[in-house]
Amino acid sequence: MIRKLLIAAILLPAVWFGTAAIHFPPIFQKMFIAYVLLGLTVFLLLDAPPFPTLAGWKALAVLIGFYAVISTVYIGGASFLLPQYDPTVEMGKIEKILKSKLETPEARRAKLEEMIKKSEELQAKTGILLAGLEKLAPSAPTGGGQTVSAGSGDIIARGMEVYELHECYNCHKIGGKGSVKKRGPILDNIGNLLTQEDFKKKIFDPTYLYAEGFEKEHKKKQMPDKYKELMSDEEVTALAAYLATLKNPAIETPKPIFVKSKVDHGFIVYGYVRDKAGKPIPDLPVLAKPLKEGRESHEGKTNKEGYYEIFLHIHNEDSGTKIVVSAKDAKKEITAIYNPEDKVTKRQAAVDLAL
Ligand code: HEC
């Protein structure tokens with residue numbers, strides 16, 4: 001018995017500190033400890049003197065009593081000691097994600113337009129209020145010019161919701177909340193480092209840029225590459241608007257580094273294809289053709305939102321090359337202009353087409 005207690009005395013701290021060292025959450029640590037204690041109990045029981053043999057009613061009563069005790073311990077332990085998840089909360093989340101998938105693009109567009117309208121109305125109201133204020137107490141020349149972007153709160157609240165729904169917090173931390181382990185970068189000051197356009201690109205194509213110090217994670221493609229399929233345009237727009245508000249320089253946020261090979265050797269054309277009524281056209285092949293010998297054309301396809309993105313292999317010396325973007329019988333020509341010395345700014349152009 002002393003030998004068994006001794007083994008347990010060594011095992012307990014080893015398991016506790018060992019699991020802490022490889023970042024198990026405390027609840028798991030406690031569970032492992034519970035397993036060690038359970039094992040110890042079993043081994044000690046093996047040495048215990050045998051029960052007197054029971055028969056008849058007595059045996060049945062002891063058996064039922066044993067089950068009752070074990071069931072109470074299991075059910076009680078699970079209900080009171082382990083964290084509880086409310087299935088209605090989880091179901092609500094799933095419903096919210098699905099809802100925007102089930103809505104038609106028109107309904108989503110209407111919603112977005114309504115949000116923008118509301119935001120404009122509020123902005124107008126703020127304007128009136130500010131004018132009134134100005135009359136009452138004329139401000140110093142520097143103070144009056146600042147516009148208050150009231151009403152944008154709606155879209156930002158929506159963006160926050162998208163962040164929650166798609167569980168970015170599993171890997172990222174904002175305001176001290178989120179990923180316990182250092183899975184992905186802290187985002188508290190990311191609004192000062194990236195534009196809304198950058199956010200959309202990074203979310204839809206995680207290879208677009210990486211956070212400094214996260215080279216290994218980036219190579220392993222740890223940030224999921226699935227949001228392009230999962231998120232609607234309305235969602236990613238709101239999410240980008242929300243991320244752009246994260247401007248807390250007090251909290252060190254890893255610097256984004258644009259993937260050079262992409263900048264150096266390529267040019268991205270992206271945009272939307274819509275019909276005359278403004279309805280997005282999905283699953284439509286779009287062709288981008290550089291008008292320079294030896295530079296290949298590439299084809300892309302619009303997604304459900306009518307969005308496409310095409311990466312062209314155009315090199316440093318190709319600045320000034322004309323590119324024809326076409327889909328069905330719509331066509332547009334642009335000129336790819338960039339500074340060949342600049343290896344950081346992304347080389348890209350937005351080309352929307354109407355059929
Ligand atoms: C499974 C983990 C994981 C999830 C989930 C995840 N990310 Fe990331 N994210 C990472 C990692 C790792 C990096 C750093 C490496 C890289 O940039 O590829 C990163 C980088 C970023 C960056 C660049 C940060 C910087 O400092 O440059 C942004 C912005 C970002 N993620 C936003 C999001 C958003 C928004 C979501 C939710 C839609 C999300 N991430 C979901 C793992 C994740």
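This section describes the fold, surface and selected residues of a predicted protein model.

Local features were considered only at pLDDT of at least 70 and side-chain atom pairs only at pLDDT 80 or more, while totals for chains, interfaces and linings use all residues. Residues are numbered from 1 along each chain as its sequence is written, and side-chain values rest on heavy atoms, with hydrogens and water left out.

Confidence comes first. The mean pLDDT (the predictor's confidence in each residue, from 0 to 100) is 86 for the protein. A score of at least 70 is reached by 92% of the residues. Residues 140-150 fall below 50. In the model, this stretch has ten contacts beyond near neighbours in sequence (contact: heavy atoms within 4.5 Å). Where pLDDT is low, predicted coordinates should not be read in detail.

Eleven helices and twelve strands were assigned. Both are DSSP runs numbered from the N terminus: helices are H or I with at least four residues, strands are E with at least two. The radius of gyration, taken over C-alpha atoms, is 30 Å. Along the principal axes, the C-alpha atoms fill a box of roughly 95 × 65 × 40 Å. Among contacts with a separation of 6 or more, 65% join residues 24 or more positions apart.

Burial was classed by relative accessible area: buried is under 20%, exposed is over 50%, and partly exposed lies in between (1.4 Å probe, protein chains only). Of the 355 residues, 31% are buried. The accessible surface is about 23,100 Å². Carbon and sulfur atoms supply 64% of that surface. Areas come from the Shrake-Rupley method with a 1.4 Å probe; for residues, only the protein chains shown count as cover.

The protein carries 49 positive and 43 negative side chains. Lys and Arg count as positive, Asp and Glu as negative; His and the chain ends are not counted. Each charge is placed at NZ of Lys, CZ of Arg, CG of Asp or CD of Glu. The centres of the two sets lie 4 Å apart.

Gly271 sits in strand 5 (residues 266-274). Its relative accessibility is 1%, so Gly271 counts as buried. Beyond its neighbours within four places in sequence, Gly271 contacts Gly306, Tyr307, Tyr308, Val351 and Asp352. Val351 is 80 residues away along the chain, yet the two C-alpha atoms are separated by 5.0 Å. Arg347 lies in the loop between strand 10 (330-336) and strand 11 (348-350). Arg347 is also buried, at 4% relative accessibility.

His23 is exposed, with a relative accessible area of 53%. From His23 to Glu121 the C-alpha distance is 50 Å, across 98 residues in sequence. At 31% relative accessibility, Glu167 is partly exposed.

Helix 2 contains Ala34. Ala34 is partly exposed, at 41% relative accessibility. The C-alpha atoms of Ala34 and Ile64 are separated by 25 Å. In sequence, Ala34 and Ile64 are 30 residues apart.

Key:
The radius of gyration is taken over C-alpha atoms; the globule rule is 2.2 Å times the number of residues to the power 0.38.
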